[in-house]
Amino acid sequence: FFFRLQNARATSLSKPHICGPMSAPRTVKCWAAAKPKAALEEVCMEVPSLGPHGVELRVQFCGLCGSDVHLINSDGGYADFTGFAVGKPQVCGHEVIGIVTAVGEEVTHVKVGERAGIGWQNGACHECEWCKKGDEQLCASVKATCCEGNVGAFADYVRIQDGKFCFAIPEACDSAQTAPLLCGGQTVWTPLVQQTKDGDKVGILGLGGLGHMAIKFASALGREVTALSGSASKAEEAKALGAHAFVAHSDQSQLDALAGTLDFILVTLATTQTVDFSKFFPLLRPRGTICFVGMCPPITADVFTLGFTMNNITTSNTGGRKEMESMLAFCAEKGIGASVVLRPMDEVNACLAELESAKHAKRFVLTRD
């Protein structure tokens with residue numbers, strides 16, 4: 001989720017003061033970690049004035065994502081992109097839906113009073129090769145909503161300076177169920193639409209927060225979906241989400257029966273534990289692809305053996321604005337949303353603890369009055 005942030009710049013913050021109009025800084029109430037692994041506390045912080053392309057939302061719903069946990073804990077590669085790294089508290093929240101309360105004079109696609117959402121990315125140069133191709137997530141100047149000192153949406157208001165990354169939410173989409181789609185959903189949507197086609201046999205490895213959305217999308221897109229989990233107890237849940245078949249990968253006989261049948265495997269696991277992925281490569285058909293979207297430790301692969309079947313190992317991260325817009329339109333048409341558990345934002349610490357300790361096919365969504 002944090003690929004290509006190396007050249008991003010932090011949004012400056014200063015001492016809190018009384019809230020002002022859009023042309024002035026605003027003081028927001030937010031839930032912040034003062035240091036890595038610390039419990040979040042409600043504090044006041046000042047966010048910068050809106051520029052001509054900026055948008056402000058009053059936060060109503062904010063999904064809780066695994067990347068929020070990694071940022072708060074300053075885990076691994078996330079450490080360089082935290083608020084802590086620039087001497088500021090860490091304020092997470094990047095799956096936000098709310099009401100537009102202010103826009104810059106150049107913003108025309110969303111209006112004050114309308115419902116809108118913001119995801120992981122909140123800025124790009126819009127001029128480089130990748131931006132012109134619609135792959136803004138690959139821009140060297142990418143900015144992220146809650147990294148490097150930016151105040152995220154665990155707050156009453158959130159501001160971004162590049163309003164192109166604020167998206168109108170279709171009327172048919174439920175706010176709470178749509179919030180997690182703005183990062184987690186887009187993360188699985190992008191490889192499914194870019195790397196698979198109608199009728200492909202697709203395996204979804206991992207049935208947690210990302211995996212459950214991947215099953216819903218893949219099934220609705222016309223893929224033949226096999227859910228892969230280490231726990232046989234998740235079979236009924238997977239089929240209820242739309243999976244056509246279920247394989248417990250802890251059972252070698254089930255893996256043997258699936259060998260050489262899948263066109264694509266989407267790995268949604270997010271873990272710091274070492275995983276032996278070698279047992280999944282044989283499930284692919286010739287020219288099949290295994291794609292990683294969950295954050296995993298380094299993997300090893302027998303390229304000699306893979307060479308005989310010409311298999312591909314790829315990755316994917318979030319997506320560009322075109323993927324966000326197509327995903328939202330698809331969800332509105334098909335009635336798709338994440339499976340969610342609603343909690344008030346002042347229970348954020350309990351939710352973070354549960355997210356770290358539990359693995360289930362639901363996403364926490366924090367609510368504000």
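**Salt bridges and a charged patch**

Lys-322 and Asp-135 join their side chains in a salt bridge, with N to O at 3.3 Å. This pair ties together distant parts of the chain, 187 residues apart: Lys-322 belongs to helix H9 (residues 321-334), and Asp-135 to the loop between helix H2 (129-132) and strand S7 (143-144). The model is predicted, and it holds ten salt bridges.

**Accessibility of the Lys-322 pair**
- Lys-322 is partly exposed, at a relative accessible area of 38%.
- Asp-135 has a relative accessible area of 16% and is therefore buried, the limit being under 20%.

**The Glu-56 and Arg-159 pair**
- A salt bridge of 2.7 Å (N to O) connects the side chains of Glu-56 and Arg-159.
- The two residues are 103 apart in the chain, Glu-56 in strand S3 and Arg-159 in strand S8.
- Strands S3 (residues 55-63) and S8 pair in the antiparallel sense over four bridges, and Glu-56 stands opposite Arg-159.
- Both Glu-56 and Arg-159 are buried.
- Arg-26 joins Glu-56 and Arg-159 in a network of salt bridges.
- In strand S8 (residues 157-160), Arg-159 points the same way as Tyr-157, while Val-158 and Ile-160 point the other way; all are buried.

**The Lys-133 and Glu-129 pair**
- Lys-133 and Glu-129 form a salt bridge whose closest N and O atoms are 3.1 Å apart.
- Lys-133 is partly exposed at 48% relative accessibility, and Glu-129 is partly exposed at 46%.

**Negative surface patch**
- Glu-42, Asp-346, Glu-347 and Asp-369 form a negative surface patch.
- Asp-346 sits in the loop between strand S16 (340-344) and helix H10 (348-357).
- The relative accessible area of Asp-346 is 54%, so this residue counts as exposed, the limit being over 50%.

Key: Residues are numbered from 1 along each chain as its sequence is written. This is a predicted model: local features need pLDDT of at least 70, side-chain atom pairs count only at pLDDT 80 or more; totals for chains, interfaces and linings use all residues. Side-chain values use heavy atoms; hydrogens and water are left out. Patches are made of residues with over 30% relative accessible area and no salt bridge: like charges are joined within 9 Å, nonpolar side chains (Val, Leu, Ile, Met, Phe, Trp, Tyr) within 5 Å. Accessible areas come from the Shrake-Rupley method with a 1.4 Å probe; for residues, only the protein chains shown count as cover. A salt bridge is a side-chain nitrogen of Lys or Arg within 4 Å of a carboxyl oxygen of Asp or Glu. Lys and Arg count as positive and Asp and Glu as negative; His and the chain ends are not counted. The place of a charge is taken as NZ of Lys, CZ of Arg, CG of Asp or CD of Glu. Buried means under 20% relative accessible area, exposed over 50%, partly exposed in between (1.4 Å probe, protein chains only). Two strands pair if DSSP finds at least two bridges between them.
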